[in-house]
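Please look over the strands first. These notes cover how they pair and what surrounds them.

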Amino acid sequence: MLEDVLRQIERRDSFVLTSHARPDGDAIGSALACCQVLRAMGKQADVVLHDSVPRIYRPLPFADQVVQANRLNGSYEAAIILECDSLLRTRLEGLEDRFLINIDHHASGRPFADVNWIDPHAVATAEMVFRLGREAGVPLSPEIATCLYTALMTDTGSFMFQGTNEHTFALARELTLAGADPSHCARNIYFAHSGAKMRLLGEALRNLNQEGHLVWIWVTQEQMERCGAKEEDCEGLVNYALSIADAEVAVFFRELPDGRFRVSLRSKGKVNVAKLAERFGGGGHECASGCAVNGPLQAAVSEILSQLRPGPSLQ
Ligand code: 5GP
């Protein structure tokens, strides 16, 4: 619970904050905002991530201070893991023996830490960090507001995903009043793509398949190399497939260097894709989830689609 988290923070002086590997907007924005909240409380705090900050999130305040590492060094009194439903997903070594605080909004969230605050009703982890800052009496600076607004905007799919409601807009209003600039935040994210990403989108759309309400696209390692695309350039491609009018579920398959496939699942609401991802050892939300499956491509596609075709319910 929030009160437990705050009590544990108040008792300690130094913190490391982290999130899942391949961080998205909520992972980065929440970690950066939470770090600033802790510093405003007089604590020493650093953000350490396994992967580098994706290009579109680099303009965020303090993003240049994020440390990229495979292993955690330093004698922090506690680690705060945000927007991440297991230690494994951080891909950071050296967390196991520390005092752990887990702040997460995933439906697949698990109480793996010493203190766990999991709220699947929060539209983004950013909403929880906002509540933490308010409870701690930390003034909402324009920098904190900008990080939280960007996290909120990206995790709600620009305020379009299911779960977006009047509270989301009330929060967006608070953040805007505190100094977040909506058009500036949106420009950094949605009008800042690399040319490589656009070329990869072209490849992915050439591989578009539809079967009733199911739509899927895929990219191979060879295509990514040819386009000069990085892993982070794949973020959001699945939404183009979901944008087809009669698509209920969209799936994006990305070949990994080891021949397996990373799978991104999106639903318009009728199908619970978190349940499907969990069957394959992944997780996420009812409308946005992910997992990894074995290749080759045809096997990966069949494995996932066989679970999505009419039959046993995933509602
Ligand atoms: P994406 O498709 O953008 O990678 O992920 C969509 C959602 O599913 C995000 O909330 C992400 O955190 C979650 N997710 C993606 N892959 C995994 C996974 O392998 N395990 C778990 N637990 N969650 C995942």
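In which sense do β1 and strand β4 pair, and over how many bridges?

1. β1 and β4 (residues 78-82) pair in the parallel sense, over four bridges. Two strands count as paired if DSSP finds at least two bridges between them. T18 stands opposite I81 in β4. Helices (H or I, at least four residues) and strands (E, at least two) are DSSP runs, numbered from the N terminus.

2. The model is predicted: local features need pLDDT of at least 70, side-chain atom pairs count only at pLDDT 80 or more, and totals for chains, interfaces and linings use all residues. Residues are numbered from 1 along each chain as its sequence is written, and side-chain values use heavy atoms, with hydrogens and water left out.

3. β1 spans residues 14-18, and five of its five residues are buried (under 20% relative accessible area, 1.4 Å probe, protein chains only). S14, V16 and T18 point one way; F15 and L17 point the other way. In a regular strand the side chains alternate between the two faces of the sheet.

4. β1 also pairs with β2 (residues 44-49), again parallel over four bridges. Here F15 stands opposite A45. Helix α2 (residues 25-40) carries the chain from β1 to β2 in a right-handed β-α-β crossover (clockwise from the first strand over the helix to the second, with the strands pointing away from the viewer).

5. Elsewhere, six strands form an open sheet of mixed pairing, ordered β7-β8-β9-β10-β12-β11. β7 (209-211) and β11 (283-284) are at the edges with a single partner strand each, so one side of each lacks a neighbour in the sheet. β8 (residues 214-219) and β9 (residues 249-255) pair in the parallel sense over six bridges.

Conventions. Buried means under 20% relative accessible area, exposed over 50%, partly exposed in between (1.4 Å probe, protein chains only).
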